[in-house]
Amino acid sequence: MLSIEHGADGKVVVAGRLDAAQAAAAQTFLDGVDGTVTLDCSGLEYISSAGLGVLLKTQKRLLAANGKLRLTGLKPHIVDIFTYSGFDQLFEIVAA
């Protein structure tokens, strides 16, 4: 299951599993954000290649409009996924 919503501090908060089953819902939500968006991933337990694709598509769209997707609160095993895939070079990853 995935939860994605606007947090009280202006961040977008994601929790649960961002996998193929949840990718469409996550993409629909993220298609509605603009500017520089901080994605709080402290509750993210799992991300699949489909989830990485959602983040990449969102990043490309935001960069084209002079914004970006900033990731924060990544758990060590999620950081490993970003590092192994090279996605750590595509996103600003901020320590929680």
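Predicted model: local features only at pLDDT ≥ 70, side-chain atom pairs only at ≥ 80, totals over all residues.
**Reading the salt bridges, the burial and the helix packing**

Biologist: What makes the contact between aspartate 19 and arginine 17 a salt bridge?
Modeller: The closest N and O atoms of aspartate 19 and arginine 17 are 3.5 Å apart, and the cut-off for a side-chain nitrogen of Arg and a carboxyl oxygen of Asp is within 4 Å, so the pair qualifies as a salt bridge.

Biologist: Is aspartate 19 buried or exposed, and how do you know?
Modeller: Aspartate 19 has a relative accessibility of 16%, and buried means under 20%, so aspartate 19 counts as buried.

Biologist: How many salt bridges does a search of the whole structure find?
Modeller: Searching the whole structure gives four salt bridges, and one of them joins glutamate 45 to lysine 75, whose closest N and O atoms are 2.5 Å apart.

Biologist: What makes the pair of glutamate 45 and lysine 75 a tie between parts of the chain?
Modeller: Glutamate 45 belongs to strand E3 (residues 36-47), while lysine 75 sits in the loop between strand E4 (68-72) and helix H3 (76-85), so the pair ties together parts that are 30 residues apart in sequence. Glutamate 45, at 43% relative accessibility, counts as partly exposed, and lysine 75, at 23%, counts as partly exposed too.

Biologist: How do you know that glutamate 92 and lysine 68 form a salt bridge?
Modeller: The N to O distance between their side chains is 2.5 Å, and a salt bridge needs such atoms within 4 Å, so the pair of glutamate 92 and lysine 68 meets the cut-off. Glutamate 92 lies in strand E5 (residues 92-94) and lysine 68 in strand E4, so this pair ties together parts that are 24 residues apart in sequence. Glutamate 92 is partly exposed at 31%, as is lysine 68 at 27%. Salt bridges also link Lys68, Arg70 and Glu92 in a network.

Biologist: Why are the buried residues of helix H1 said to lie on the same side of H1?
Modeller: In H1 (residues 20-30) the buried residues are Gln22, Ala23, Ala26, Gln27 and Leu30. Around the axis they cover an arc of only 145°, which puts them on the same side of H1. On the other side of H1, Ala21, Ala24 and Thr28 are exposed.

Biologist: What covers the buried residues of H1?
Modeller: The cover includes strand E1 (2-6), strand E2 (12-18) and helix H2 (49-64). Where H1 and H2 meet, Ala20, Ala23, Ala26, Gln27 and Leu30 in H1 are in contact with Ala50, Val54, Leu55, Lys57, Thr58 and Arg61 in H2.

Biologist: Why is H1 called roughly parallel to H2?
Modeller: Two packed helices are described by the angle between their axes and the distance between the axes. For H1 and H2 the angle is about 15°, and the axes are 8 Å apart. Angles under 35 degrees count as roughly parallel, so that is how H1 is placed relative to H2. The crossing of H1 past H2 is right-handed.

Biologist: Why is serine 48 called buried?
Modeller: Serine 48 has a relative accessible area of 12%, and buried means under 20%, so serine 48 belongs to the buried class. Serine 48 is found in the loop between E3 and H2 and, leaving aside neighbours within four places in sequence, is in contact with Leu18, Asp19 and Ala20.

Biologist: What makes glycine 35 partly exposed?
Modeller: The relative accessibility of glycine 35 is 34%, which falls between 20% and 50%, so glycine 35 counts as partly exposed. Glycine 35 lies in the loop between H1 and E3, and, beyond neighbours within four places in sequence, its contacts are Leu62, Gly67 and Lys68. The C-alpha atoms of glycine 35 and alanine 65 are separated by 7.3 Å, although the two are 30 residues apart along the chain.

Notes: Residues numbered from 1 in each chain as written. Heavy atoms only, no water. Buried < 20%, exposed > 50% of the residue type's maximum accessible area, 1.4 Å probe, protein only. Helix = DSSP H or I, 4+ residues; strand = E, 2+ residues; numbered from the N terminus. Arc of directions from axis to C-beta. Contact = heavy atoms within 4.5 Å. Axes fitted to C-alpha atoms, helices over the stretch in contact; angles between N-to-C directions. Parallel < 35°, antiparallel > 145°, perpendicular 65-115°, else oblique. Left-handed = near helix turned anticlockwise from the far one by under 90°.
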